[in-house]
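Hi there,

Here is the model I promised to pass on. Have a look at it first, and my notes follow below.

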Amino acid sequence: MRKLAPDFKTIADFRRDNGVAIVGACRAFALLCWETGLFQARLVALDGSKFRAAASLKKVMGRREVAEEATRLDAKIVAYLAGLDEADMAEPDDEPQAVQVTLAALRDRRAELDRLAARFDDEERTTFVEGEADARPMGTRHGPKPPSYNVQTAVDADTGLILHHDVTGEPTDRRQLHPMTSATKQSLGLDAITVVADKGFDNGEHAGACERDGIVACVPAQRTVNNQGDGMLFDRTAFTYDHDTDTLTCPDGRSLVRKQLQRKDRNVTYASPDCSGCVLKTRCTTAKQRFVTRHLDEDARNRMAARATTEMMRKRRCAVEHPFGTIKRMMAGGRFLTRNLKGTRTEMALSVLAYNILRTINLRAKPD
Ligand code: SF4
C-alpha cells in the first residue's frame, strides 16, 4: 500500500454515511460470539456511564439564560438603530453597510432565541444544548453538569463481552432496566435472562415488566428518605402492606387507606384517616395526617431487591467496570467527536465493536 492511508475526512465521511451498517456490524459481531459459544449469558450486568458531548458547558441554555441574552440583544439592537438614525441625519446618502450587517445578525440571533424559548414549553424541557439537540446536561447533584450522553451497556459477567449497548439522552438510569434487558434478550433469542444492576436502575414499573417478560432482575432498592421535618421521620418501610384489605399499617397500628391512584406513575397514595392522640406523631409527620405512596408493582420491586445479594453485586462490579474503563481510554477519556444521537450511536458502535474484538482475542489467547 506504500503507506497509503485514509485521511480524517475520508474516515469521518465513511462514519457519517454508514451509521446503520456500523451499528449492524457491532450487533452482528456480538451475535457471532454467541453463536460460536464464546459466552453463555448466564448473568448479564447492566451499567450506564456519562460520555461528554461535543459541546461546551456554555452551550447549555435554560429559560433564564435565554431571557438574559434576549434582554442584552434588545438593548444592542436599540443602540444600533439609534446609531443608524444619527448617521442618517448626518449623511443621508451614505448607508453604513457594516452596521446593517451586524444588525441583521443580531436580529437573526434574537429570532433564534424566540424559537428556543417556545421549545421549552412545546417539548416540556428545562434546558437545551445549542448545536447538540440530543445531549443533556448531566453530572453530580452539586457539581458541574456538562452536555453529555448516557451510554448503556449489557455485559456478559463471565467474559466481559458487551452483548448490547445504547446511547441515550436520559440523565439517569432509572428508565433503562426493562428496555436494555429486553433488547439483550431479544437480540440473543433467549426465553429467560438473569440481569444485575445497581440501585440507579431501581424502578417499580420496570420490575413488574421484567417479571412479565421472563427476566430475572436483581437490583437493590433505592430507598427514598422522608425529607419532611428534619429528615428523621418514619420512611415508607415503617408501614406494612396488607394485600387482603389494600391498606398500610402504621407503627402505631392504625390503618392507612387508599386515597388516590396516579395512573401515569402507577403510584397509589394511602392516608391515615385519623392521627389524633398518637404518641408517635412527632416521629411520623409534621402535617395533620400522614400520607404514604406505594407503587402498584411494589411486590415485584421487593422481590427484585431481595435477589440483589452481596455476591450478585460483587459480580456486577467486576463485570461492568472493565468495559467502560477500556472504552473511555479509547475515546480520550469518554468524549464524543460526533454530534446528536445518530452520530454518537455510530461512534459508540465502533468503540464497542473494537472493544469486543480485543476482548475476543484476549479470551482466545487465554490458556484453557
Ligand atoms: S401519626 Fe398517624 S400514621 Fe403516623 S404513627 Fe401516628 S397514627 Fe400512625
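A word on classes first: Ala, Val, Leu, Ile, Met, Phe, Trp, Tyr, Cys and Pro count as nonpolar, Asp, Glu, Lys and Arg as charged, and the others, Gly among them, as polar. This is a predicted model, where local features need pLDDT of at least 70 and side-chain atom pairs pLDDT 80 or more, while totals for chains, interfaces and linings use all residues. Residues are numbered from 1 along each chain as its sequence is written, and side-chain values use heavy atoms, with hydrogens and water left out.

The lining of the largest cavity divides into nine nonpolar, two polar and five charged residues. That cavity holds about 120 Å³ of space (a volume is the space filled by probe spheres set on the grid points, which are joined across faces, edges and corners). Of its 16 lining residues, Cys250, Asp252, Cys275, Cys278 and Cys284 are the closest to its centre. For a cavity, a 1.4 Å probe fits at a set of points on a 1 Å grid over the protein atoms alone but cannot get out, and lining residues have an atom within 4 Å of a point.

Around the ligand (a heavy atom within 4 Å of it) are Cys250, Asp252, Arg254, Ser272, Cys275, Cys278, Lys281, Cys284 and Arg290. By class, this shell has four nonpolar, one polar and four charged residues.

As for disulfides (cysteine sulfur pairs within 2.5 Å), the whole structure has zero. For Cys218, the nearest cysteine sulfur is that of Cys210, 10 Å away. Cys218 is buried, at 2% relative accessible area (buried is under 20%, exposed over 50%, partly exposed in between, with a 1.4 Å probe and protein chains only).

Best wishes

Key:
1 Å grid on protein atoms, 1.4 Å probe; cavity = no way out; pocket = protein on both sides within 12 Å on 5 of 7 lines; lining within 4 Å.
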